[in-house]
Amino acid sequence: MTQQTPRSRLSAFEAAWVIARRDFVAVLFSRAFLFFLLGPLFPVIVGGLAGSIGGEVQREAVSFEVGLAMSPDDNAAMVAAGEGLAPQLGQALPLLRPVPEAAGDPAFDARAFMEARRGNYAVIVTGTLQSPTLVGTEPQIARWQGPVGLVAGHALAAEPTAFPSVAGEPVAISAASERTTRIQTAQIAQMLLFLLTMLLAGMVLSNLVEEKGNKIIEILAAAIPMDAVFMGKLFAMLAVSFVGIAVWGLAAFGLWSAGGDAITQVTGFDPANLPAPAVGWPLFIALGIVYFAMAYLLLGALFLTIGSMASSVREVQTLSMPVTMLQLMVFFLAAYTIKQPGSALEMAAIAFPLSSPFAMLARAAMEPELWTHALALAWQAFAVLVLVKGGSLLFRKRVMKSGGAGRDKRRKGLKAA
Amino acid sequence: MAVSEQNLSGNLAEGFNAIPADGRPLAIEARGLVKSFDGTRAVDGVDISVPEGAIYGILGPNGAGKTTTLRMLLGIIDPDEGVRRVFGHDRPHDIGRLIGYLPEERGLYPSMKCVEAIAFMGALRGLPLKEGRKRAVELLERHGLGHAIDRQIRQLSKGMAQTVQLLGTLVHQPRLVVLDEPFSGLDAINQGKLEMMIRALADDGVTVIFSTHVIHHAERLCEGVAIIAGGKVPYAGSVEAARDRIPAQVRLETRAREGAWLSFLPPETRRNGDFLHFPLPESGIEPLLKGLIEGEAGILSLSIERAGLHDAFVAIAGEAAARQLQADSEGAAA
């Protein structure tokens with residue numbers, strides 16, 4: 001019965017593309033987006049500067065101080081050798097100080113001393129000049145093994161031809177199982193995913209409120225199907241988010257390149273020490289990007305529905321609160337299930353669309369199988385489609401109720417009453 | 001979608017709620033459209049048929065269901081019951097490129113340049129951006145807005161912004177243009193320009209449907225109207241037929257105030273100052289004239305006026321709807 005007019009409509013993809021292109025360009029080239037980009041950079045820059053200053057302070061006051069808990073003669077020889085090398089090597093050498101608590105105490109336990117976080121030493125040197133041992137955290141041992149060996153060599157002979165090998169006695173616990181160490185990677189990845197999603201999905205919220213404020217939503221709804229409008233907006237905002245992440249990533253990389261050591265010193269966190277995920281770093285990063293996209297689209301579809309139904313920013317805030325709380329809860333659920341692989345709770349976290357990306361990213365850190373990710377991604381994509389369809393239906397049913405004049409008339413009537 | 005399949009062909013077009021199609025295919029056919037919101041029927045069984053190339057008005061007071069009817073015709077919302085077809089298609093989005101729509105609540109992106117806004121609206125209807133920009137420049141220049149091509153929408157006056165939006169509605173050269181309250185917010189000069197634009201579209205074979213609560217616009221422009229009140233359409237058809245539905249009105253001025261001649265006037269006679277108004281009796285003017293002369297009324301003036309659309313509206317939709325329409329019209333003018 002229906003006539004076929006060739007090319008008489010845009011395909012859903014073309015329609016979504018028209019919306020996405022407009023939104024992407026409009027958001028990207030707005031002043032507000034610049035401020036949005038700069039927002040998270042402020043604390044990073046301030047933190048970086050503080051870290052840098054703190055690092056300097058640490059370098060000068062604390063971190064370069066190496067405790068000596070050898071025999072008094074060896075201590076004195078080490079200090080003298082250090083002073084002798086200092087003019088040539090400067091800050092490459094640690095400040096060597098005998099540990100007062102170790103003086104005259106043959107039973108001094110450097111390991112217990114460090115674990116009790118007493119003193120303020122990067123490492124403590126025990127043993128003899130011929131066979132020194134460093135007690136401290138692994139990164140600190142790695143950092144000071146060479147310089148301490150050099151000083152010990154000079155303490156043994158003014159012009160040494162051989163240097164003693166320096167043993168390490170790590171204080172930090174690193175002998176846990178592979179699974180246990182990967183939990184750290186999983187947790188950090190989940191947290192990053194959650195923060196980025198919450199930070200960036202908020203943009204979607206205000207998007208349709210703006211459209212309604214501009215009264216352009218009806219033009220869009222008349223021209224193309226509402227689900228294409230929703231899809232276009234979602235993908236535009238996702239693309240904008242990737243731009244944001246790229247900018248922040250580059251800024252973080254720049255900061256790290258400039259002061260990574262200082263940041264590690266201050267925070268005690270070194271990404272290089274993160275345990276490798278089960279699927280390997282390249283695939284893990286790729287999956288992280290895809291799961292971010294899914295988490296964003298899922299949350300964005302919910303927010304878009306809310307935004308489309310709200311008529312003011314205040315209404316948006318009120319309506320979005322339950323969704324934000326829900327998202328927080330599903331994040332906690334996904335975080336909680338990291339330590340319960342294969343449990344019913346983990347399966348529930350994977351099956352529930354909103355928590356699925358978080359749970360699956362953690363799984364990528366812990367388990368090497370890949371087919372589960374293909375399945376989960378298909379499920380999440382299906383959930384995105386359902387949410388978008390549901391949101392657009394709700395919009396058509398609940399929002400496009402009356403003409404403006406009718407509404408005005410009723411409002412006036414209410415006021416008059 | 002609760003739209004049932006019904007065979008509309010040859011039904012509405014020849015029925016009561018139709019204007020003569022004269023062999024023209026129908027641009028719009030709608031039958032029994034019903035839409036409820038929260039249990040309240042906003043539109044209750046609307047029948048409309050509009051032949052291609054016609055200018056058609058949907059006339060009614062605010063809140064009568066005009067916008068909801070237009071939204072159903074355009075597929076923005078689906079009817080709870082009834083059938084609608086646009087150029088024979090059940091789903092208007094399937095022929096989006098053939099339709100242009102100006103909603104009542106005008107909307108444009110404030111930071112967009114005029115040329116981009118028009119091109120974007122064309123792109124929504126499938127017009128490539130490059131072609132859209134080219135046509136936008138032509139349209140803006142043709143309508144005296146050549147100086148505003150690269151201006152942002154927020155820098156325009158309200159009237160200019162409305163013109164830009166209207167041009168965006170037309171940039172993809174639609175075959176059907178639907179305008180929701182297009183005259184509201186325009187001054188008299190721009191209303192005149194819009195009337196000319198609508199006539200020009202119809203001359204080019206474009207079907208134009210617009211809603212209004214101002215009778216004069218419908219009367220001046222439309223070939224057909226649907227009178228809508230309380231969600232129902234008591235009349236849909238040609239303007240001429242609507243006017244013919246009530247008898248011509250006689251306006252009489254006499255020297256005498258009392259006398260036997262008064263018995264010749266119909267009971268519906270109303271006095272308005274020096275004038276008496278009453279419908280032309282079915283028996284015609286001659287017996288009435290004879291009675292007035294013999295009764296020594298002293299006729300000072302007598303005129304027979306064909307009923308206007310306003311009179312038709314009062315007769316069809318009722319006094320209450322007419323009063324509301326009048327109030328809306330005055331409110332809009334104010």
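Across the interface of chain B and chain A, five residue pairs are in polar contact, with both residues at pLDDT 80 or more. Polar contact here means a pair of N or O atoms within 3.5 Å; within protein, one must be able to donate a hydrogen and the other to accept it, and residues adjacent in sequence count only if both atoms are side-chain atoms. On the chain B side, helix 1 (66-74), helix 2 (114-124) and helix 10 (319-333) each supply at least two of the residues that touch chain A.

Ground rules, quickly. This is a predicted model, where local features need pLDDT of at least 70 and side-chain atom pairs count only at pLDDT 80 or more, while totals for chains, interfaces and linings use all residues. Residues are numbered from 1 along each chain as its sequence is written, chains are lettered from A and ligands numbered from 1 in the order written, and side-chain values use heavy atoms, with hydrogens and water left out.

Back to the interface. 45 residues of chain B are in contact with 39 residues of chain A, contact being heavy atoms within 4.5 Å. How much area do chain B and chain A bury between them? About 3,800 Å², with 53% of it on carbon and sulfur atoms. That is the accessible area (1.4 Å probe) that the two parts lose on being put together, summed over both. In chain B, the residues that lose the most area to chain A are His93(B), Tyr109(B) and Leu124(B). Together they make up 19% of what that side buries.

Now charges. The count between the two chains is one salt bridge. The rule wants a side-chain nitrogen of Lys or Arg within 4 Å of a carboxyl oxygen of Asp or Glu. Which side chains meet in a salt bridge at 2.8 Å, N to O? Arg71(B) and Glu218(A).

Next, chain B as a whole. Its secondary structure comes to ten helices and 13 strands. The C-alpha trace spans about 80 × 50 × 40 Å along its principal axes. Of the 334 residues in chain B, 55% are buried. Buried means under 20% relative accessible area, exposed means over 50%, and partly exposed is in between (1.4 Å probe, protein chains only). Take contacts in chain B between residues at least 6 apart in sequence: 70% of them join residues at least 24 apart.

One helix in detail: helix 5 of chain B, residues 188-203. This helix has 16 residues and reaches 23 Å from its first C-alpha to its last, close to the 22 Å expected at 1.5 Å a residue. The expected span is 1.5 Å times one less than the number of residues. Its buried residues are Leu194(B), Glu195(B), Met197(B), Ile198(B), Leu201(B) and Ala202(B). The face turned away carries the exposed residues Ala188(B), Ile189(B), Lys193(B), Met196(B) and Asp203(B). What covers the buried residues? Strand 3 (55-59), helix 4 (158-170), strand 6 (176-180), strand 7 (207-212) and helix 6 (215-221) of chain B are included. Just after helix 5, Gly205(B) takes a positive phi of about 90°.

Salt bridges again. Over all chains the count comes to 25. Arg24(B) and Glu223(B) meet at 2.6 Å, N to O. Arg24(B) lies in the segment before strand 1 (26-37) and Glu223(B) in the loop between helix 6 and strand 8 (224-229), so the pair ties together parts 199 residues apart in sequence. Arg24(B) is partly exposed at 23%, and Glu223(B) is partly exposed at 30%.

Lys232(B) pairs with Asp44(B), the closest N and O atoms being 2.7 Å apart. Lys232(B) sits in strand 9 (232-238) and Asp44(B) in strand 2 (40-51), so this pair ties together parts 188 residues apart in sequence.

Glu181(B) pairs with Lys66(B), with closest N and O atoms 3.4 Å apart. Buried or exposed? Glu181(B) is buried, at 3% relative accessible area. Lys66(B) is buried too, at 4%.

Last item. Glu219(B), Glu240(B), Arg243(B), Asp244(B) and Arg306(B) are linked in a network of salt bridges.

Notes:
Helix = DSSP H or I, 4+ residues; strand = E, 2+ residues; numbered from the N terminus.
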